[in-house]
Structures are given as C-alpha cells and as structure tokens.
Amino acid sequence: MRNFSRRSWIGALGAGGLATPSRGAARAGLAVEIRRLKLRHTWTTVMSSSDYRETVHVAFTRDGMTGRGEGAPIPRYGEDPPSARSAIEALRPLLASADPRRFQPLLAMIFQRLEGQWAAKAAIDIALMDWATQKLGVPLYQYFGLDPGQAPVTTFSIGIDTPEMTRHKVREAEAFPVLKIKVGLDTDEQTVAAVRAVTRKPLRVDANEGWKDKHEAVRKINWLEQEGVEFVEQPMPAGMLEETRWVRSRVRLPIIADEASLHPEDVPRLAEAYDGINIKLDKCGGIWEAFRMIQLARALRMKVMLGCMISSSVSITAAAHLSPLADYADLDGNLLIANDPYRGVEVRGGKLILPDRPGLGLLPAGGA
Ligand code: MG
C-alpha cells in the first residue's frame, strides 16, 4: 500500500457496484497511480528521445491480498498516462464489486466496455492475475504449467546514440550474451561499427519501421547478416505488409513484426510477411491476450518474441512468467530505469530467473 494515497483507497471502498458480488464478500480496494520512472540513459529510438517514462500502476486488494499491475501507455495508439488512469478509474465500481476469482468473465466485460486503452487493460489483467495466483498460492508460471528453467536469455537494448556513448553502453552490457541494437536512421553503419568495435557477441536489430524503401531494407538486412545479426525487427513501416513480404523473400535473416503485431487478430495475416511476432503486454492488453497471440503464432509456425516497454519490475515480471513459451525475450525495460519500486524477475548471465514466490512474486525494492 506504500505510495498509494489514502484517498484513492477510501474512494474504492465507497464506490457503487455494477457486477453482482458474492453474498457477504468483502469489497475490493483499488489504487491507481501514475509513476515517473527515471531512465539511466536518455533513450533514443527513431520515434522519440526522453529522460523519463510514466507508467500507470494498479493495486487491487481483496481478502488481505494485493495484486499489482502496470501498463505503459503508447502515444502512437492514442494513449497517455492520464487517459489510462481515467479509464481504470471508470472501472472502479465494477472492480470493487466483481468476483476476481472469476477473472475470465470479468476481463471479458472490461475488454467489451473499454475502447482502446490497451496499457490500462494490461495493468488490470496483470493485477488480477497476480491476485488470483497469490490466492492459489502458486507462481504465475506454474499456473500456466511452465518450466521456469526454460525461460530464455533476454537481450539488453542499446538505444541510438553517438559512437562514443554506444561503445560505453555496450561495455556496460557486458553481462548480457546477446544485445539488441536500435537502428533505422542514416547512422546505422556508424552504430553497428561502434558496437562491433567493442564486442563480437550475437546481435538482434530493431529498425522500428525506419527503412521506408524495400530495396534499402534488403540491402541493410543482408549487410546485417554479415555483421552477426540473428534477426531484424520491424524493418519497414507496419502498414507496408506487401513490401515486407517482398523483402522477406530476398533475405535469409528472420523478420519479426513489432509495430505491426498488436492483437491476436493481427497474427494470421502477419504470417504472410514475417517469420515471428514481438508480443508486448502493453500493446495487446495483458497476460491473457499475450497467451492467445502465442498460441496463434505457434499454430502458424511463427517465432515468438516477448518484448516490453520501459516499465518497472511489475510489467516486466508479468511478461517474464510467460517467457518459457517464447523463442526470444527482450525484457530489459526495468533494467533501463534508476528508480524501480519493485524487485521480481532477475537476470543472471543474461538468463531470466523467475521468482518462485506466489503470484508475480514481487517484493518492494530494497526489501528482503
Ligand atoms: Mg521493436
């Protein structure tokens, strides 16, 4: 309950219910707040540059147990932290009175009521699943029947920077066996040369839709193959499916969709142009939508990558619990911030180590 205002708890207790609560059941408490996460380095991609990020945090309390969730609103999809917070606040009466053990019909109702606001949906879904699996007394991965030993290594992302800073960041990331390099500007050659001046380890490259011309994309991807790159994420704009299909037929490296891969219904058509999809809880709306996307991708023989936004350990740990289902993980968003309020998933030698405590297994930062 630390850091959540008293007023929001009282508000939760006084809210009127729309769903039918079990007879005599205690009402749930809901706290919603925007947290400012300070970045260790100014973060630059093709899309933006900034020193901090704000995410929306949800604490759902019932029966003396608190489930925590988080979502990083993505401006591209018309979301920002205040609108995400308002969207969750509007669901307060429903969340206060519904039975969280029946989280599937509850989430279905929330998805039906709430237009867009995928980060808000993710924050609620994660909080409910943290609560439900704490209630069952099992870690989230165990609820899904997964082997935590199969969690993959995570890449550590190197944002676009000067060659000097790029070399510095690559040295700082020495503990990670695979790096993810952001490209997509006219400095790509310079960036990759700076990385290769420091390390020969495998690289994964994210162009963030940066190459607008299909011939340029083919040229860059074939050059990156010579540079020891394992795959390329979103080489061309999300809307250029036909061009991406053309590019894919002319390169050997796998092409992974990120900005083009938002929701389960996107997956079948992406199979025509991409080898895999990058799933992020903030884009799709939480753990269950991510799980559905994984199943669809597998049915279509596509690779699965789990990615993230810059977030605290709440959101990153939630995604990490599904990571034994993924081929690739890029779950470093919590490692890029200086004031993470929680501890959850850890990284040892690049490998994701899932907490074996019930639920997400979060602890307060600095706590035992
Ligand atoms: Mg990406």
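Glu209 sits in the loop between β6 and α9. Strands here are DSSP runs of E, at least two residues, and helices are runs of H or I, at least four, numbered from the N terminus. This is a predicted model, where local features need pLDDT of at least 70 and side-chain atom pairs count only at pLDDT 80 or more, while totals for chains, interfaces and linings use all residues. Residues are numbered from 1 along each chain as its sequence is written, and side-chain values use heavy atoms, with hydrogens and water left out.

Back to Glu209. Its relative accessible area is 8%, so it is buried. Buried means under 20% relative accessible area, exposed means over 50%, and partly exposed is in between, with a 1.4 Å probe and protein chains only. Phi of Glu209 is near 70 degrees, a positive value in a residue other than glycine.

What does the side chain of Glu209 meet in a salt bridge? Arg76, at 2.5 Å, N to O. A salt bridge here is a side-chain nitrogen of Lys or Arg within 4 Å of a carboxyl oxygen of Asp or Glu. The count between domain 1 and domain 2 is one salt bridge.

Now the domains. Domain 1 covers 29-137 and domain 2 covers 143-364. Those bounds come from an automatic or database domain assignment. The two centres, taken over C-alpha atoms, are 22 Å apart. Domain 1 puts 40 residues into the contact, and domain 2 puts in 49. Contact means heavy atoms within 4.5 Å.

The area buried between domain 1 and domain 2 is about 3600 Å², with carbon and sulfur atoms giving 64% of it. Buried area is the accessible area, 1.4 Å probe, that two parts lose on being put together, summed over both.

On the side of domain 1 that touches domain 2, β1 (29-44), β2 (49-62), β3 (65-71), α4 (103-113) and α5 (118-136) each supply at least two residues. The largest share, 11 residues, comes from α5.

Arg62 is in strand β2. Arg62 is buried, at 4% relative accessible area. A polar atom of the Arg62 side chain lies 3.0 Å from the backbone oxygen of Ala98.

On to the metal. Which residues are the protein donors of the magnesium ion? Asp206 (OD), Glu233 (OE) and Asp258 (OD), at 2.1 to 2.2 Å. Donors are N, O and S atoms within 2.8 Å of the metal, or 3.2 Å for Na, K and Ca; water is not among the atoms, so sites may look incomplete. The spacing along the chain is D-x26-E-x24-D. Glu233 lies in strand β7 (229-233) and Asp258 in the loop between β8 (255-257) and α11 (267-270), so the pair ties together parts 25 residues apart in sequence. Both Glu233 and Asp258 are buried.

Gln234 is in the loop between β7 and α10 (241-248). Gln234 is buried, at 0% relative accessibility. Its phi is positive, about 40 degrees, although Gln234 is not a glycine.

Last, Asp213. Asp213 is in the loop between β6 (203-206) and α9 (214-226). At 36% relative accessibility, Asp213 is partly exposed. A polar atom of its side chain lies 2.9 Å from the backbone nitrogen of Glu216.

Conventions
A polar contact is a pair of N or O atoms within 3.5 Å; within protein, one must be able to donate a hydrogen and the other to accept it, and residues adjacent in sequence count only if both atoms are side-chain atoms.
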